[in-house]
Amino acid sequence: MADLRRILSKHGPFASVCFDTSHDTEGAGGPSELHWRSIDAELDRSGARPRIRRLLAQAITLHPAARGRYGRLLIADETEVLADERLPWPPDTETVRVSPLPYLLPLIEMQAEKVPHVVALVDRVGSELYSLDGHGSELEESLRCLDQPVPELRRDDRSRRTIRHRVEDTAHRDIRQFAHELDRLADTVHAEVVVLAGEARARAQLRAAFDAKGRDVIEARSGTLTPASDPKALDAEVRDILHRVVAQRRRRVLERFTAEIERPDGLAVAGLAATTTALRAATVERLLLDRTALGDRLVLAGTAPNFVIGSATNGSTGEMRRADEALPVAALAIGAEITLVDAVAGLRDGVGAVLRGH
């Protein structure tokens, strides 16, 4: 996953390209030659220097697109490709820009969906852990089987009860060990969500043994370690769980913004003028931005990353920049979070902010 902080440390001009790479043909690997020639021509018309165009063309050649419906985001300066990301869905519109500032919104939207999480799959066959951290790095671990060899049962009930008790004790010990490994991995990747999958009984035992430490713990219906199990079903359910988590978090942000903006002394502002003032004062905790409503609006931006002004004033210096480029850069420069929203009532000019408490 591209490092936003590293991109902000670079100096423009930047070329930012976001386009549809969908294809269903084996070996196609990326945009057609005609499509890329069109993108390259637009980069040339926008003022991209040959070095940037060559770097982008090399990235397309070296990293072909996967088969299926995806998008791709590329950001480069004159020294290197700073971001080359496969988007989980094609963009609504193609973007080709050359600007002193990078166009970060597709990358921010993508990172919002990358919730650090751990999936624990446990049953009587064995146990597995896999995770995704906040940078998109994956880690997988397989642990030893929970089951131990079970001796042949004799006919008397007492022997059967003794053996069952022995096997259950072993399983409980292994569940505790597995819970310890789960906790260690969750701490390593800074997991915000833990998904428990597998056999219902083992799953319940694991939930009882695992210390959530404030993380969201969600049980999945799919997933076993038997040979007949379809791993794609669990993967799809995990994606759905994480999507719901992201949507729920966005709703909480909007509820907080609405509550604050309705109070006379609430910690929220709306509109370009008020939001840029708050960014300049470094009082923004979270920037809310509606790309459609913001459109092609411009703001006056100075040399410091967070120096953005809604409109020219007496004595102000700077350059007019696209608001959808300047505002995210300004927010990230002061450590603010960014939430992309759609059609939010009260969000004048397509932008607003939740402010930090005094």
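Tutor: A residue is called buried if its relative accessible area is under 20%, exposed if over 50%, and partly exposed in between, using a 1.4 Å probe and protein chains only. The model is predicted, so local features need pLDDT of at least 70 and side-chain atom pairs count only at pLDDT 80 or more, while totals for chains, interfaces and linings use all residues. Residues are numbered from 1 along each chain as its sequence is written, and side-chain values use heavy atoms, with hydrogens and water left out.

Now to the rings. Rings of Phe, Tyr and Trp (its six-membered ring) pair if their centres lie within 6.5 Å; planes under 30 degrees apart count as stacked, over 60 as edge-to-face and the rest as tilted. A search of the whole structure finds one such pair. Its members are Phe-19 and Trp-36, with 6.1 Å from centre to centre and 55° between the planes, which makes the pair tilted. Phe-19 belongs to strand 1 (residues 14-20) and Trp-36 to helix 2 (residues 33-45), so the pair links distant parts of the chain, 17 residues apart. Helices (H or I, at least four residues) and strands (E, at least two) are DSSP runs, numbered from the N terminus. Phe-19 counts as buried because its relative accessibility is 0%. Trp-36, with a relative accessible area of 12%, is buried too.

The peptide bond from Gly-12 to Pro-13 is cis, with omega near 10°. Most residues other than glycine have a negative phi, and most peptide bonds are trans.

Two residues have a positive phi without being glycine. One is Lys-213, with phi near 55°, in the loop between helix 6 and strand 9 (216-219). Lys-213 counts as partly exposed because its relative accessibility is 47%. The other is Ala-343, with phi near 50°, in the loop between strand 15 (337-340) and strand 16 (351-355). Ala-343 has a relative accessible area of 73% and is therefore exposed.

Other aromatic rings carry a charge over the face. A charge sits over a ring if NZ of Lys or CZ of Arg is within 6 Å of the ring centre and within 35 degrees of the ring normal. The charged end of Arg-86 is placed this way over Tyr-70, 4.0 Å from the ring centre. Arg-97 lies over the face of Tyr-103, at 3.9 Å from the ring centre.

Next come two strands. Strands pair if DSSP finds at least two bridges between them. A hairpin of four residues joins the two, and Ala-76 has Val-81 of strand 3 as its bridge partner.

The wider setting includes nonpolar cores. A nonpolar core is a set of buried Ala, Val, Leu, Ile, Met, Phe, Trp, Tyr and Cys residues joined through side-chain atoms within 4.5 Å. In the largest core, of 41 residues, the members that touch the most others are Ile-7, Leu-104, Val-284, Leu-287 and Leu-327. Helix 10 (residues 323-333) gives this core its largest share, seven residues. A second, separate core has 18 residues, among them Leu-182, Ala-186, Ala-191 and Val-194. In soluble globular proteins, nonpolar side chains tend to be buried together.

Ala-220 is in the loop between strand 9 and helix 7 (231-262) and, at a relative accessible area of 1%, is buried.

Over the whole protein chain there are 10 helices and 16 strands, and 44% of the 358 residues are buried.
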